[in-house]
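Hi everyone, thanks for coming.

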Amino acid sequence: MDNVVFSQIDFGLFMPLLENDDITDISYSNGGQLWVKTLSKGVYPVKIEGINNEVVEKLAFQCSNVMGKTFNMAHPLLDAESAELRLNFVHDSIATNGIALLIRKTPAMIRLNKDKLVKEDYVSLKLHDFLITCVSGHCNILVSGETGSGKTEFIKYLASNIKEDEKIITIEDTLELHLDKIYPNRDIVAMKTNNIASYSDVLVACMRQNPRWILLSEVRSAEAVLAVRNSISSGHNILSTIHSDKASSIPMRLYSLLESSQDIDQFVASMHRYIQLGVHIKGFFSKKYNRFQREITQVVEFYVDDTDNKAKVNVLYSRDLMDNEVYNNPTSHLIDYLASQGVMMQDDPFIPKGSELKSTDSDIGTSELDSNVNTTVNEPVNTVNQSVNDNSKLEIVEI
């Protein structure tokens, strides 16, 4: 559904909510309940006189008419999508407490910037600069988190730091990134999967376009996992998001989505070999700041140990509920990878050489997912005095 068609729809009483840049989602349900999700306050109810089931039904019929679709008991689900809005209606024959509507705003803009991220305690300055350096060094990065935690917005921010002369292709099933509109003068191809062109089909076309970067808005299916694996194994770089409880669980989360009998150790090792970094973002209402807070709570380095050829995780950064932070320096694997990409990083970006590193007990590893294999790893890390260059003593867990 393009903007010309979408402009034919009268949003009426919803317009003030749509024009508020702080609002990201609008939910109508339960016979008159209106809730919004915002960047600053999180989720809360609002009251707008006149918005009721009848108004929402009229909006649904407008959408169905301009799209040439039917919305009734026989066709109780309706999706509408424009460049910056996604609407989903559920007919009252299914939603028994009244018609339901969800509007998600996906504006073609970068909401985040360095000053905002640091000022709002989203990320520390040194961790921010480390991540941007890793983007410059063509690291494959997956960002995890819950729904609404801000994963896509952070991926867009990371992508804004990609060099201008590097071609980007975005592959999405629902339009959210909009990098082609944000940077209209750059070499960016925006691809959208549909019932005719699957992830696999689009990926084949993508490879022929010779991109440097492939951006997937979210990995949420077996087909998307294969797209990730095929992209990184063919030498392209990726930025993407995934639902996971922590960054260190990303490879096992990918495996759980794969839905195949592929050997688990082989698959996890391949992900550790090709994905350099995992980043976890948490969104919650902060009593400390009295507002909705988004922050990075874990950054991990994935690699395969040269000695025993086993997949391992180095927790570069972790932050607990009490705001206690622990940093570890990257291993030589990441330093060497960046050097191979022409980016030189000191081997002690977080903890200076010769200083002592105090580690606390941590729950590191992959979570127990849908497979029958218990992959939870709980490795308490004792408080130690160590040189930060001794990577064998860093907060590393074997998978």
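**A walk through the chain**

Let's start at N309, which is exposed, with a relative accessible area of 53%. For that word and its relatives, buried means under 20% relative accessible area, exposed over 50%, and partly exposed in between, with a 1.4 Å probe and protein chains only. N309 lies in the loop between β13 and β14. Its phi is positive, about 60°, although N309 is not a glycine. In general, most residues other than glycine have a negative phi.

Before we go on, a word on what you are looking at. This is a predicted model, where local features need pLDDT of at least 70, side-chain atom pairs count only at pLDDT 80 or more, and totals for chains, interfaces and linings use all residues. Residues are numbered from 1 along each chain as its sequence is written, and side-chain values use heavy atoms, with hydrogens and water left out.

Now N30, which also has a positive phi without being a glycine, at about 55°. N30 sits in the loop between β1 (23-29) and β2 (33-38), and counts as partly exposed at 46% relative accessibility.

Let's step back to the whole chain. How many helices and strands does the secondary structure of the chain come to? Twelve helices and 16 strands. Helices (H or I, at least four residues) and strands (E, at least two) are DSSP runs, numbered from the N terminus. The chain has 399 residues, and 51% of them count as buried.

On to the inside. In soluble globular proteins, nonpolar side chains tend to be buried together. Here, the largest nonpolar core has 43 residues, and L127, F130, F154 and I296 have the most contacts inside it. Helix α5 (residues 125-136) gives the largest share of this core, six residues. By a nonpolar core I mean a set of buried Ala, Val, Leu, Ile, Met, Phe, Trp, Tyr and Cys residues joined through side-chain atoms within 4.5 Å. Find L127 if you can: leaving out residues up to four places away in sequence, L127 touches I296, V299, Y317, Y327 and F350. Another core lies apart from that one, with 35 residues, including L142, V202, V228 and A311.

Stay with α5 for a moment. Helices α5 and α6 (residues 151-159) pack at an angle of about 65°, with their axes 10 Å apart. The axes are lines fitted to C-alpha atoms, for helices over the stretch in contact, and angles run from 0 to 180 degrees between N-to-C directions. On the α5 side the contact is made by H128, L131, I132 and V135, and on the α6 side by F154, Y157 and L158.

Is Q293 buried or exposed? Q293 is buried, with a relative accessible area of 1%, and its place is in strand β13 (residues 291-304). A polar atom of the Q293 side chain lies 3.2 Å from the backbone oxygen of D121. The side chains of Q293 and E295 are joined by a polar contact of 3.4 Å; that term covers a pair of N or O atoms within 3.5 Å, where within protein one must be able to donate a hydrogen and the other to accept it, and residues adjacent in sequence count only if both atoms are side-chain atoms.

At the N-terminal end of α11, D263 is the cap, with a side-chain oxygen 3.3 Å from the backbone nitrogen of D265.

Last stop, helix α10, where we find S256. S256 is buried, at 15% relative accessible area, and its side chain reaches the backbone oxygen of R253 at 2.7 Å. S256 and A222 are 34 residues apart in sequence, and 8.6 Å apart in space, C-alpha to C-alpha.

Technical notes: Contact means heavy atoms within 4.5 Å.
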